[in-house]
Amino acid sequence: MNLKNEKNAKRGFTLVEVLLVLAIVGIIAAFVIPLVISHANKTQLTSALQKTSNTFTNMVNHAQADVKMEAWDFNSTTPEFVAAYVLPYINIAKDCGMTDTGCFADTYITNNTGGASISNDYYKVALTDGTAMAIKLTPGCSEDNPSECVDFIVDVNASNKPNAWGKDVFQFQILNSLNAVVPYGTFDSFNSETNKWEFAEDADASDKCLNSDERYCALKIINDGWEMNY
């Protein structure tokens with residue numbers, strides 16, 4: 001090998017080549033990093049939602065040990081109901097009562113109906129696990145009028161962002177003659193012939209979550225195997 005060829009063989013990358021590689025890496029990172037962050041955020045929020053579902057199950061189980069759900073007084077006021085059947089069975093960090101400050105964010109985003117705050121007809125608490133819970137008793141719930149008895153709104157990371165329905169804000173409910181707290185939209189209607197609630201179609205809940213009503217998103221996530229696939 002002559003001297004000229006030996007010098008060419010030992011030549012490293014030029015500045016242009018290094019900059020080109022860095023540019024390619026930067027472009028790839030610009031696409032990949034947001035996806036990784038988004039997936040991590042969704043996983044975290046989904047895990048928090050699953051924890052909230054467990055909180056409701058434990059709450060009902062402990063409350064029923066004292067008073068069977070069939071005997072719960074759904075004709076009282078929201079504060080009276082919360083004091084009797086909710087507060088003793090959850091771990092509270094802050095009791096905001098029927099106010100609009102302290103436990104929830106000021107405004108919540110929804111793609112379908114615009115932004116709004118949690119109204120003052122809900123009793124609001126912040127839990128020690130970082131969750132915010134709002135509870136409202138629904139008038140008229142009875143054996144003669146099978147309907148929603150209690151409405152729950154949950155922000156799984158309290159007032160932290162994104163503060164968006166279907167992302168970190170979800171809705172649950174207690175229905176008459178159903179001894180459980182279930183995701184909003186789990187049941188479609190009450191069958192008066194069988195005296196049982198009829199399950200909603202999975203596809204219907206998914207469509208509503210994505211296109212018209214984010215209150216169905218907790219149900220969609222559960223139906224999808226605890227995955228936020230949107």
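Biologist: Hi! How many helices and strands does the protein chain have?
Modeller: In this predicted model, the protein chain has five helices and eight strands.

Biologist: And in what order do the elements run from the N terminus on?
Modeller: Reading from the N terminus, the order is α-α-α-β-β-β-β-β-β-β-β-α-α. The chain is more spread out than a compact globule, because its radius of gyration is 25 Å, well over the 17 Å that the globule rule gives for 230 residues.

Biologist: What does the C-alpha trace span along its principal axes?
Modeller: About 100 × 40 × 35 Å.

Biologist: Okay, what share of the residues counts as buried?
Modeller: Of the 230 residues, 40% count as buried. As for the surface, the chain exposes about 12900 Å², and carbon and sulfur atoms supply 54% of that area.

Biologist: Can we zoom in on helix 3? Which of its residues are buried?
Modeller: Helix 3 covers residues 78-85, and T78, F81, V82 and Y85 are buried there. Seen down the helix axis, these buried residues fall within an arc of 95°, so they line one face of helix 3.

Biologist: Nice. Switching to charges, how many positive and negative side chains are there?
Modeller: There are 16 positive and 28 negative side chains in the protein chain. The centres of the two sets lie 19 Å apart.

Notes
Residues are numbered from 1 along each chain as its sequence is written. This is a predicted model: local features need pLDDT of at least 70, side-chain atom pairs count only at pLDDT 80 or more; totals for chains, interfaces and linings use all residues. Side-chain values use heavy atoms; hydrogens and water are left out. Helices (H or I, at least four residues) and strands (E, at least two) are DSSP runs, numbered from the N terminus. The radius of gyration is taken over C-alpha atoms; the globule rule is 2.2 Å times the number of residues to the power 0.38. Buried means under 20% relative accessible area, exposed over 50%, partly exposed in between (1.4 Å probe, protein chains only). Accessible areas come from the Shrake-Rupley method with a 1.4 Å probe; for residues, only the protein chains shown count as cover. Lys and Arg count as positive and Asp and Glu as negative; His and the chain ends are not counted. The place of a charge is taken as NZ of Lys, CZ of Arg, CG of Asp or CD of Glu. The arc is that of the directions from the helix axis to the C-beta atoms.
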